[in-house]
Amino acid sequence: MTEDGTSAYNSHIEGLRQDEFPMLRDEVYLDHAGTTLYAKSLIDRFAADMTSNLFGNPHSASLSSQNSTARIEDIRLRVLQFFNADPSEFDIIFVANTTAGVKLVTEAFRGHPLGFDYLYHQACHTSLVGIREEAFNSLCLDDAAVSSWLSGTDPTAEFDHDARPVLFAYPAQSNMDGSRFPMHWSDKLRRSNPASDRQVFTLLDAAAFVSTSPLDLSESELAPDFTVFSFYKIFGFPDLGGFIVRRQAASIFQSRKYFGGGTVDMVVCLKEQWHASKTQALHESLEDGTLPIHSIIALDSALDVHRQLFGSMRDVSSHTSSLTQRLYDGLATLRHSNGQPVCIMYSRPSLAPDGTKPPLGNGPVVAFNLQNHLGGWISLVEFEKLAVLKRFHIRTGGLCNPGGIARSLGLEPWEMKANFSAGFRCGTDNDIISGRPTGVIRVSLGSMSTVSDVDKFIAFIVEFYRAEIIPEPTPPTIPPTCQELSDLHVESITVYPIKSCGGFRIPGRMAWEVRAEGLAWDREWCLVHRGTGQALSQKRHPRMALIRPTIDFSDGQLRISYHGHQSKQSLSDIAVPLSADPGLFRARVASKPMASRVCGEEISAQVYTSSKVNSFFSTILEVPCALARFPPGGLGNSMRHAKAHLQKHQKVNRRIQFKIPRRLPGLDTPPDSDSETERQRILLSNESPILAINLSSLQALNHQITKQGGKAVSPEVFRANIVIGSSTLQTQSHAYSEDHWSSLRIGQQDFKMLGSCRRCHMICIDQETAEKSEEPFITLTKTRRFDGKVFFGTHMCHVPLSETGTREAQFPTIKVGDKVLIDPI
């Protein structure tokens, strides 16, 4: 496609997006390798097809059944033609998804009398890697090893059986970085050792490739034996997979043991165990059970609409290649003002320097990581928080491609195992270990992507991750003295009885109990999903902010009301006793454990049985959930510990010294983490017993927000337990002084600082209206980002008084208006 043609095609896509993809309004979707998007006209056409025709189960002689059978066989032919596959040379089996096709191949090879040996390329998705667990022998090959094999060096020579079949799997395109691999490998491997009795079969994972490129199977002798893919990656809908079999390789399925549904002509059960599989067509013997009739019929509409909107797959390929090159160039050339690269690229350019497309090229995928101006890695978790807030839909992490990640990041097997031992798991926050990232950022483009999508993403990276002015090294900040901060007081105290729901503001002058786990009644309850046990959060369910508990000590009740719109039939409020009456909770059955999860931790919560209570929350949130309690004083999974610790940017007041156990006398330092002292218990808070914010810091933040034309935010968005204010007029002079505090005294109670609070975009939810916005996270990203993480507020815990006989020691309390002393002697 020429430059003018590319521009015209892009304009065509821009023009159709408003009507065909209304869900993209204000969104930038860059995860087409996960799934592409479905067009409105596709859904409309499918709905019209379903409501104007009667489709029955194909396993019958009724008219509706025969109608389904005829349509399915017509669509089967259309799909083969879409890939230029001659139906006399190939058959297609409909499966749930790509992985289901892979498992069907595995079933056949597993049933072979001699077993099978398995070789797979380093770039394989985990769905292909998993086949190795069924093989007699397995081996992972990189590009050099495959080339050596094609040149005559048989990697299976070390295996112990010459007649055992070999299955070799590889992707047409890596789902991780878009690298493409030769289609002719299949033919060359089949002809690599004609004298051997060992038959070599090839399995091609085409899922990533076919989403934007034409797959040509017109020459059956050169084609893979088995090709798997997912239709939703091409059309967005239906959720269905395809498995194309080269008929010359079909004999391997005679070894498959399992049969089900209509794949057999006769089955004998009594006295004898015998069955006869269907033999008229290969797909009849492999499509177990009733076919996904309606999903297959939807393919008719999908094929028509895709052609109507996007033209040929070659048009799509040219368009996405051009966009990918624009994206690659835009990211690869970004530099900080000191010359350091902003992006470390793992993908290759999709076009040659002269603008032509090389024989293999690179798919419409750009994988990279971000570095700051000092060469430090940017956390993927922190990147994703900001990307979500700016409405970018993107994928980060290991991408289910362990070989590709290991190669790109230079991770040896022992390092990956060490990361696992250090606590790294898929989806965890700990994504930089031993100074190296554990995953990547992946941007993937699709048929309906545009130049605007690409340019918006590049501008996003420039705005938030390119350092244009490198500050000169400055002397260490001298923390304010106690005299300079002598006018601080407690402005407000708030507890959040139900995790992620509204707060209960403690009335002025009311003394409030401080416990080892935090303020009394703070985050003792939570809402858990009734299916998964996962604790619900405002990040996913903003309306939780409008569920507001009140603690009624006179009646011993936790009263809960909803302050949003609701139907007349719904309850406006409920109450549960403050006492932990065992009769209110679901009995724990040893044979049916149902653990809850909070912040990734498994806990043993007490789940309420009242349908009235649970329906109240489920109706409001439109999620099947239940109220659960996590009272203090538990053991094992009934107890949690703080994770907060001092951050590198914090320069604590060194006049206050803490003793480190088992260290040389006189060698004292500020605490670096909770490991130096007794681990602090918490209930259902995220990281620490108590969270505090400094109003002086909030004023400085709001000054930055309003200076850029934004709206100032209230203290409530930070969901702090204690808000510390000052009577000084120039309050901004105390801004972020909390970074340097080691301890506080509030009234007569002492508190130890545990470190700054790492923030996510939940602070962008207005606690009065439950509406989301970009602030204050966007401004914090630009002003309070350290080591790639965003911080505001400070964690702390109560330190019991040494004089245990006093009332203050036996029943510690604080109240609004209490004087706050910083690092008291």
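Predicted model: local features only at pLDDT ≥ 70, side-chain atom pairs only at ≥ 80, totals over all residues.
Three strands form an open sheet in the order E21-E20-E38, and their pairing is antiparallel. Strand E21 (518-519) and strand E38 (813-814) stand at the edges with a single partner strand each, so one side of each has no neighbour in the sheet. Strand E20 (residues 512-515) is joined to E38 by two bridges, and the two run antiparallel. Within this pairing, Trp 512 stands opposite Ile 814 in E38.

E18 pairs with strand E33 (residues 722-726) in the antiparallel sense over five bridges. In this pairing, Ile 493 has Ile 722 of E33 as its bridge partner. E18 also pairs with strand E19 (residues 504-505), again in the antiparallel sense, over two bridges. Here the bridge partner of Thr 494 is Arg 505 in E19.

Charged side chains provide the next topic. The structure holds 41 salt bridges. One of them links Glu 513 with Arg 515, whose closest N and O atoms are 3.5 Å apart. Glu 513 counts as partly exposed because its relative accessibility is 22%, and the cut-off for a buried residue is under 20%. Another salt bridge joins Asp 522 to Arg 523, with the closest N and O atoms 2.9 Å apart. Both Asp 522 and Arg 523 are buried. Salt bridges that share partners also connect Arg 45, Asp 49, Arg 71, Arg 78, Asp 300 and Asp 304 into one network.

Helix H2 (residues 40-52) contains Ile 43. Lys 40 and Asp 44 also lie in H2, four residues apart, which is about one turn of the helix. Their side chains meet in a salt bridge of 2.9 Å, N to O. Lys 40 counts as partly exposed at 41% relative accessibility, and Asp 44 is partly exposed with a relative accessible area of 41%. Ile 43 is partly exposed at 32%. Together with Met 23 and Tyr 38, Ile 43 makes a nonpolar surface patch of about 240 Å².

Over residues 589-593 the pLDDT stays under 50, and the model has zero contacts beyond four places in sequence for them. Residues 654-677 also stay under 50, but for these the model has 32 such contacts.

How values were computed
Residues numbered from 1 in each chain as written. Heavy atoms only, no water. Patch = residues over 30% accessible without salt bridge, like charges linked within 9 Å, V, L, I, M, F, W, Y side chains within 5 Å. Areas by Shrake-Rupley, 256 points an atom, 1.4 Å probe, with all protein chains shown as cover. Salt bridge = Lys/Arg side-chain N within 4 Å of Asp/Glu carboxyl O. Buried < 20%, exposed > 50% of the residue type's maximum accessible area, 1.4 Å probe, protein only. pLDDT = per-residue confidence, 0-100. Contact = heavy atoms within 4.5 Å. Pairing = 2+ DSSP bridges.
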